[in-house]
Amino acid sequence: MPRTVKDPEERKAELLDTAMRLFAEKGYDNVSVRSVAREAGVAPGLAYHYFDSKQRLFDAAIAHYAEECSEGMRAVLDDRGLSLDEKLEGAIAVATDHSAFPHADSLHAEGNGTLHDRLSLGICEAVRPRMQAALELDAARRGAPAGDAGLLASMMVHACVGLASGPGMPDAAAADAARRYLGALVTEYRRGPSGR
């Protein structure tokens, strides 16, 4: 059978996608670099070329999947044609679209709490800088100092992950709560230190 030659980045992405699926389905302890290579249809040596240990493969798979899951949220937050309020609404809409999280059912399964938590933190870290930039742009448009934009961005994204965690989440109630609480935080941020 002839060997299929692929672009190295494409092959690496396939390995990461396969690894994430296997980690979500079987758990960390039941997956090896060799099993990922076998499932992806490549030689183990190639998998080890990219990832010299299971831990490095796991870390890379989490980061890759977090980037994939947060892509829509990041795109909305980066849209300079939207107001901050429109960006927040758009990000909530994307985050509540279950199709953006292809392994959600497996990640919420019994025994996958640690994997789910790592992924949640990865999504927060992927979205946080974009949220900060959106807050800073809003402040600049209002002619106000950006102040605590970094701190507020961190609070906002981590709080939303907390609201959205768990089987079947995020649901409509969590999305409504996110809108309310994020709106209150943004209102307070816009008031600034002199408004207190």
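Is Cys 69 buried or exposed? I found Cys 69 buried, at a relative accessible area of 1%. My cut-offs: buried is under 20% relative accessible area, exposed is over 50%, and partly exposed lies in between (1.4 Å probe, protein chains only).

**Ground rules.** I am working on a predicted model, where local features need pLDDT of at least 70, side-chain atom pairs count only at pLDDT 80 or more, and totals for chains, interfaces and linings use all residues. Residues are numbered from 1 along each chain as its sequence is written, and side-chain values use heavy atoms, with hydrogens and water left out.

**Cysteines.** I looked for disulfides (a pair of cysteine sulfur atoms within 2.5 Å). The structure holds zero. I checked Cys 160: its closest cysteine sulfur is in Cys 124, 8.6 Å away, too far for a bond. Cys 160 is partly exposed, at 22% relative accessibility.

**Core.** I took a nonpolar core as a set of buried Ala, Val, Leu, Ile, Met, Phe, Trp, Tyr and Cys residues joined through side-chain atoms within 4.5 Å. The largest one has 48 residues. Leu 57, Ile 123, Met 131, Leu 135 and Met 156 have the most contacts inside it. I then listed what Leu 135 touches (heavy atoms within 4.5 Å). Not counting residues up to four places away in sequence, Leu 135 meets Leu 84, Ala 149, Leu 152, Ala 153, Met 156 and Tyr 189.

**Helix 9.** Helices here are DSSP runs (H or I, at least four residues), numbered from the N terminus. Which residues of helix 9 are buried? I noted Ala 174, Ala 175, Ala 177, Ala 178, Leu 182, Val 186 and Tyr 189. Just after helix 9, Gly 192 has a positive phi of about 70°.

**Aromatic rings.** I paired rings of Phe, Tyr and Trp (its six-membered ring) if their centres lie within 6.5 Å; planes under 30 degrees apart are stacked, over 60 edge-to-face, the rest tilted. The count is four pairs. Tyr 28 and Phe 58 have centres 5.0 Å apart and planes at 80°, so that pair is edge-to-face. Tyr 28 lies in the loop between helix 1 and helix 2, and Phe 58 in helix 4, 30 residues apart. Tyr 28 is partly exposed at 29%, whereas Phe 58 is buried at 6%. Phe 23, Tyr 28 and Phe 58 form one aromatic cluster.

Key:
Helices (H or I, at least four residues) and strands (E, at least two) are DSSP runs, numbered from the N terminus.
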